[in-house]
Amino acid sequence: MFKYVIKRLLIAVLILFGISVLIYFLIRLMPVNYIEDKVRTQMSNNGGISEEDLQRMLALYGLDDNSFLGILKGYWNWFTGFLKGDLGTSFQYNIKVETIIKEKMGISFGISFVSLIIEMLIAIPLGIKCACNQYGKIDYTVTVLCMVGMAFPSFFLGNMFIKWFAVDLGWFETGGLVSIDLPHGSNIFVRFGDMAWHLVLPLFVMVILDIGSLMRYTRTNTLEVLNADYIRTARAKGLSEGKVVYKHVFRNTLIPLITVLASTLPMLFGGAMITETVFDIPGIGQTAYNALKIGDIPLAMGYNMFMAVLTVLGTLLADLMYAVVDPRVKLAK
């Protein structure tokens, strides 16, 4: 186990290095530059900054040379800082990138965690129910509804919910985390209730979009377990269908589900970029999206590397969890 973990971590270092090179070059080649756009805006407003001043500003931030060697030099400066634990300073916010990630990550984690719990409470029982009634009315109905939900793009579904429930019915506000007319100094329970009400629509969208895949995965694994020899033996011994399903089938269905849930680490901490943007939620997803739009290179790099590290760790955790919950699995040395 120890040798396997060390081997995977060494491979992960190479993967993260390759990802960092690719992401940095892609961001530098984007047709947006925050420093240049900001300086040119000031030049157009008051004319107090010359073209020479612009070039000096770009050189100060290492953005004056967009040739291959110039981008490579900029990457090396970022990479050396990354090795020291410094993700740089955001162009837009003028504060450390790691500070922004820490502040925004909590909001995204809370939303994603609640969404995941709701998905599990609905999808797992539905998946088992559909498998036990294969090709029945319940199976067909739930499958069709899940497929329809999975087919909707998140921005389309989010905007439709805003149109129906916020604009037409007036039940919710169109965005943000707190009401505009919330009295200043309200107690914590009032603020929590107001925030929870604002998160109903985003949570509903996230659950609808993700519940289908988890339900189908549960259904497929349950069908495999139902056809196993030991399940037929349990039924032959005269056990009731309820005991067969919930004592034998359910436990073994959870084995592959645990590995899937372990790989959701990036989703929990990385935020739902499109959903947060549609509902104007100030989480890490929306912040990263805005950074990409305006060319905030340090913040965009910091977020993408944060997601890459979480993805690698989530994959490793899923492999380890699979070996822990299923003793039959042997990890390669």
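## Salt bridges in the model

The structure holds 5 salt bridges. A salt bridge here is a side-chain nitrogen of Lys or Arg within 4 Å of a carboxyl oxygen of Asp or Glu. This is a predicted model, where local features need pLDDT of at least 70 and side-chain atom pairs count only at pLDDT 80 or more, while totals for chains, interfaces and linings use all residues. Residues are numbered from 1 along each chain as its sequence is written, and side-chain values use heavy atoms, without hydrogens and water.

## A buried pair

One of the bridges joins Arg219 and Asp139, with the closest N and O atoms 2.8 Å apart. Arg219 lies in helix α9 (residues 200-226) and Asp139 in helix α6 (residues 137-151), so the pair ties together parts that are 80 residues apart in sequence. Helices are DSSP runs of H or I with at least four residues, numbered from the N terminus.

Arg219 is buried at 9% relative accessibility. Asp139 is buried too, at 2%. Buried means under 20% relative accessible area, exposed means over 50%, and partly exposed lies in between (1.4 Å probe, protein chains only).

## Partly exposed pairs

Asp168 and Lys163 meet in a salt bridge of 2.9 Å, N to O. Asp168 is partly exposed at 45%, and Lys163 is partly exposed at 40%.

Glu241 pairs with Arg235, the closest N and O atoms being 2.8 Å apart. Glu241 is partly exposed at 43%. Arg235 is partly exposed at 36%.

## An exposed residue

Leu121 sits in helix α5 (residues 97-132). Leu121 is exposed, with a relative accessible area of 63%.

How values were computed. Helices (H or I, at least four residues) and strands (E, at least two) are DSSP runs, numbered from the N terminus.
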